[in-house]
Amino acid sequence: QHETEYCNEDCIGYNQLNFLYRTSNMPELYQYTHHLELAEVDKEGINIQGVLEEFRDNIAEKVEEGKGLILISPNKGNGKTTWACIMMNRYFKEIALTNNLEVRGKFISVPEFLQSLKDDFDREEKEMERFKKHIKQADIVIWDDIGAEAPTKWAKEVLYNYINYRISNNKTQIYTSNKGKEELEELLGERIFSRMLGQCKGVVFRGKDQRRGGR
């Protein structure tokens, strides 16, 4: 159920939570979601649901420590983006009452972000400059659909600069990708991928497309 069912515009938490969502760029489809059943076990016998729920239930501690996740699968529509947003939703819920109109999370569709940078390359754009600043400063960033297309040398450098900055400053990042580990490393390059692995726990989704019930 939505948090708004328990609070209204006269509530500090309501207004702060709305602010967090407005500034996060998270698609409305994924806002407030906080439950998704996987019931999967990977080839090493690790319970994927358990790993994700442990991260979710300790999200404030994970963010404070700068821990992250890489959610990957060759299949589309099996919950990677939903789970990434579940983590951000839980974090927003925990910090809403103490937030002071600060941008704390950013959802980034990597293909759209790179295209936006190309479109704004030759002109000043205050909104884009604020967006780029928030990517660096936010407590948690979701890089959705990273590796969706073969990045150019320029795109690799852009991604590396942001990802490396955040890792160096102990900022939590969650990546989703429809590529396997080896393919993702080949697309992004060893320099970026090794930095990602150093900060994040990898979770491999093996389920089939369930997009009718959520991405």
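**Loops, sheet and a charged patch**

Modeller: Asp145 lies in the loop between β3 (140–144) and α7 (153–168), and the model in which we see this loop is a predicted one.

Colleague: What makes the phi of Asp145 worth a remark?

Modeller: Most residues other than glycine have a negative phi. Asp145 is not a glycine, yet its phi is near 65°, a positive value. Asn170, in the loop between α7 and β4 (172–177), also is not a glycine and has a positive phi of about 60°.

Colleague: Why do β1 (residues 68–72) and β5 count as paired strands?

Modeller: Two strands pair if at least two bridges are found between them, and five bridges join β1 to β5, so the two are paired, and they run parallel. Within these strands, Leu71 stands opposite Val203 in β5.

Colleague: What is the order of the strands in the open sheet, and why do β2 and β5 stand at the edges?

Modeller: The five strands follow the order β2-β3-β4-β1-β5, with parallel pairing. Because β2 (105–109) and β5 (200–204) each have a single partner strand, one side of each is left without a neighbour in the sheet. From one strand to the next, the twist averages 10°.

Colleague: Why are Glu182, Glu185, Glu186 and Glu190 called a negative surface patch?

Modeller: Glu counts as negative, and a patch takes residues with over 30% relative accessible area and no salt bridge, with like charges joined within 9 Å; these four residues form such a patch, and therefore it is called negative. Its largest share, three residues, comes from helix α8 (residues 181–188), whereas Glu190 lies in helix α9 (residues 190–199).

Terms used: Residues are numbered from 1 along each chain as its sequence is written. This is a predicted model: local features need pLDDT of at least 70, side-chain atom pairs count only at pLDDT 80 or more; totals for chains, interfaces and linings use all residues. Side-chain values use heavy atoms; hydrogens and water are left out. Patches are made of residues with over 30% relative accessible area and no salt bridge: like charges are joined within 9 Å, nonpolar side chains (Val, Leu, Ile, Met, Phe, Trp, Tyr) within 5 Å. Accessible areas come from the Shrake-Rupley method with a 1.4 Å probe; for residues, only the protein chains shown count as cover. A salt bridge is a side-chain nitrogen of Lys or Arg within 4 Å of a carboxyl oxygen of Asp or Glu. The place of a charge is taken as NZ of Lys, CZ of Arg, CG of Asp or CD of Glu. Helices (H or I, at least four residues) and strands (E, at least two) are DSSP runs, numbered from the N terminus. Axes are lines fitted to C-alpha atoms, for helices over the stretch in contact, and angles run from 0 to 180 degrees between N-to-C directions.
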